[in-house]
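Hello,

The structure we discussed is below. My notes on it follow.

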Amino acid sequence: MESSPLISAGLPIALFIIMIGIGMTLTIRDFRQVAVYPKGMIVGTVAQILVMPLIAFLLATLLAVPPAIAVGLVIIAACPGGTTSNLFVLLSRGNIALSIVLTVSASLITILTLPLFTNIALQHYMGTEEDIVLPVWKTIGMLVGIVLFPVAIGMVVRTRNPEVARKAESIVSIFGGIVLAVLIVALVYGVRDQIWELLKQAGPATFLLNVAGIGLGLAAGRLAGLTQRESLAVAVELGVKNGTIALMVTLTLLESSAMSIPAAVYGVLMFPIGFVLAMYGRSIIPISTLQSKP
């Protein structure tokens, strides 16, 4: 279940570069727009923090999955969106500023809510309770180092040299697509000996959780009157989870390989499903729309 060196070392570096490129597509005005019209941030945060774990409880009950799998399913559902979600939003032509705000806000809030839902799941399915504490400063450091700092660099480059930033946009999309493709191959290769058994144990539940998250994001965005780009950002944030946090909780804090299975399976499934969502976004949002954000 451990990450390969390619993922653990190469992915943060690639994401840092990609986030600089994403920053080149943004201005202060984009973030100001999110603050002035916070509906997307509110809808996305509530859905991530509260609704997704409740969906996981419902799926675990309806599918009658084993107790350890049920706990793992709730844990991955309660995790925030991962940093790669920002890349998927870029590829899908969604609202990147909203995606970044949701990634940061949900990651900080889940420092408190993830232990809460984990303990509820342990008590409900296993009859036990653990005192789970997430590393606050490590989470903040990751957000600053891989999200906020490189985005700020990219925004400075755009301010000082708009022409370079404009040319970099297409390069970032191509590079991001290659990184995601390599990541999918690496993840599948890493669990190649166990993949069918893992899919058998947790595949249906994790697949439905992922699809339900994406569907929830699109539907909630539509009901709340969000733009297509905002709805896509919310959907991606709900579908592309930070599996690293889930694996840390299940393998390091709870020391349970069985509970880590949903996170491992989800980590493999969410990328190809995310690609499909990105292609859907590109089919409904013309590139000309990006010139008149959001």
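Helix 6 spans only 39 Å between its end C-alpha atoms, whereas a straight helix of 31 residues would span 45 Å at 1.5 Å a residue. The expected span is 1.5 Å times one less than the number of residues. Helices here are DSSP runs of H or I with at least four residues, numbered from the N terminus.

This is a predicted model, in which local features need pLDDT of at least 70 and side-chain atom pairs count only at pLDDT 80 or more, while totals for chains, interfaces and linings use all residues. Residues are numbered from 1 along each chain as its sequence is written, and side-chain values use heavy atoms, with hydrogens and water left out.

Helix 6 has a kink of about 50°, centred on Thr-110. The bend at a residue is the angle between axes fitted to the seven residues ending there and the seven starting there. Buried means under 20% relative accessible area, exposed over 50%, and partly exposed in between, with a 1.4 Å probe and protein chains only.

The ends of helix 6

Just after helix 6, Gly-127 takes a positive phi of about 75°.

Packing against helix 6

Helix 3 (39-63) packs against helix 6 at an angle of about 30°, with the axes 9 Å apart. Axes are lines fitted to C-alpha atoms, for helices over the stretch in contact, and angles run from 0 to 180 degrees between N-to-C directions. Helix 3 and helix 6 are therefore roughly parallel. Angles under 35 degrees count as roughly parallel, over 145 as roughly antiparallel, 65 to 115 as roughly perpendicular and the rest as oblique.

Helix 5 (84-92) and helix 6 pack at an angle of about 165°, with their axes 9 Å apart. That makes helix 5 roughly antiparallel to helix 6. The crossing of helix 3 and helix 6 is right-handed, and the crossing of helix 5 and helix 6 is right-handed. A crossing is right-handed if the near helix is turned clockwise from the far one by less than a right angle, and left-handed if anticlockwise.

Residues in helix 3

Thr-45 is in helix 3 and is buried, with a relative accessible area of 15%. Its C-alpha atom is separated by 9.5 Å from that of Val-101, 56 residues apart along the chain. Gln-48 is also placed in helix 3 and counts as buried at 1% relative accessibility. The side chain of Gln-48 reaches the backbone nitrogen of Gly-81 at 2.9 Å.

Positive phi in loops

Arg-93 has a positive phi of about 65° although it is not a glycine. Arg-93 lies in the loop between helix 5 and helix 6 and is buried at 14% relative accessible area. The C-alpha atoms of Arg-93 and Met-279, 186 residues apart along the chain, are separated by 9.4 Å. Met-279 lies in helix 12 (residues 257-284) and counts as partly exposed at 48% relative accessibility.

Ala-64, in the loop between helix 3 and helix 4, has a positive phi near 50°. Ala-64 counts as exposed, at 63% relative accessibility.

Regards

Technical notes: Helix = DSSP H or I, 4+ residues; strand = E, 2+ residues; numbered from the N terminus. Polar contact = N/O pair within 3.5 Å; in protein donor to acceptor, adjacent residues only side chain to side chain.
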